[in-house]
Amino acid sequence: MTTQENNTPDTATRSPATTRSILKRGALIAGAATLSIGLMAGLADNFLNTHGAANAQPIQLSGLQQTQLPSFADVVDRVKPAVVSVRVKAKVVASADEQGGPAGIEGLPPGHPLERFLRRFGEEGMGPRGPQQQPRAQLSQGSGFFVSQDGYVVTNNHVVANAAEVQLVTDSGKTLSAKVIGTDPRTDLALLKVNESGNYPFVQLASGKPRTGEWVLAVGNPFGLGGTVTAGIVSAQGRDIGSGPYDDFLQIDAAVNRGNSGGPTFNQKGEVVGVNTAIYSPSGGNVGIAFAIPAATVQSVVEQLKEHGSVARGFIGVQIQPVTAEVADAIGLKDAKGALIAEAQANGPAAKAGLKRGDTILAVNGEKIADARELSRKIATFAPGAKTNLTIWRDGKEREVSFEVGRQPAA
């Protein structure tokens, strides 16, 4: 995993004169940039007036030409009533980290390279610290949304972790008590159910992923404000942020902050394309990079949580590593693709199928595997006990191996 560093100059170590010089040069550069922007804006206006704007609807307003951006007002009117604020009272045990320093971000050990940048944003309360290892009450809040008329609500696992009491506040201000039906720490998802029967407004999960560059709308409860709507685009797909073996996040630039955890991100049809779960930020505030769990993952997990209260995943029982160009050349593979087995667990599913250290898994049921992460996600989709065929590379040639999927141990 690569480590990212903050390369911002430390002005505290410079003399006042040096700092003033740097600031002066920065002001001059900023001024030049402003002039350049003004010049380019003038050239752009001249070009648009001459040639017209591609893929834009010009609006004439008092002789000025403007480009119309999409309006989310109708979508907001439809979906906002289905989004709730989630308030949680939890009992936690004070850790050694809390006694001597800040605790690690949930899902990452203290000191992890991503800890400075990747921050979960459930809005945690600052309750008093008790003696070490003594239970104490902690208040936290996040967001969620109804996915059924009878009161099932999706949120993040880290929002309701160790919950003793859960309350939902609707867009109209009504407070509802709820219970936790099930959680899945590996995908950071949780399913709640309102205790009070009724007909609740709900939203649908999208059947497919949005395209990179499409407009999306985030709705949630940042900083406890409730009912907040922000818009942006899908910035990237398939992000691995190091939070677990099944990372496959959407990256969006809609503004999300602490308290948006568990809230939905919608497409322009009003369908949920993702559940907001993490932000990339040195300070914990929005810097335009947020990560959402794709709707397809949410659909699969929610179905199992609703039926069983937990998620059963396929398990292969190996330690795997990427196939680099050097490794591919060493073992005679044409392309640096697949997952190299570093170790097969004793009596595990892979070992029982005859897989061993040095084998490279190239495909599952005929579908090629790009890398180790894709293999983990692929096997996880199979039900324990399912029969599959693996294509492996051993001793310079391909072989087919019959494989029975095991059950992933509990998180």
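1. What percentage of the 411 residues of the chain count as buried? The share is 39%. The model is a predicted one, and the values below should be read as computed from it.

2. The chain contains eight helices and 24 strands. For contacts between residues at least 6 apart in sequence, 63% link residues at least 24 apart.

3. Strand E16, residues 290–294, deserves a separate point. Five of its five residues are buried, so strand E16 is largely enclosed by the rest of the structure.

4. Strand E16 has partners to examine. Strand E13 (residues 249–252) runs antiparallel to E16 and is joined to it by three bridges; here Gln 251 is opposite Phe 291 of E16. Strand E15 (residues 272–280) is also antiparallel to E16, with five bridges between them. In that pairing Gly 274 is opposite Pro 294 of E16.

5. Is Val 405 buried or exposed? Val 405 has a relative accessible area of 2%, under the 20% cut-off, and therefore counts as buried. Its place is the loop between strand E23 (397–404) and strand E24 (406–407).

6. The surroundings of Val 405 come from other parts of the sequence. Leaving aside residues up to four places away in sequence, Val 405 touches Gly 314, Phe 315, Ile 379, Phe 382, Ala 383, Pro 384, Gly 385, Ala 386 and Thr 388. The C-alpha atom of Val 405 is also 6.4 Å from that of Pro 349, although 56 residues separate the two along the chain.

Definitions and conventions. Residues numbered from 1 in each chain as written. Predicted model: local features only at pLDDT ≥ 70, side-chain atom pairs only at ≥ 80, totals over all residues. Heavy atoms only, no water. Helix = DSSP H or I, 4+ residues; strand = E, 2+ residues; numbered from the N terminus. Buried < 20%, exposed > 50% of the residue type's maximum accessible area, 1.4 Å probe, protein only. Contact = heavy atoms within 4.5 Å. Pairing = 2+ DSSP bridges.
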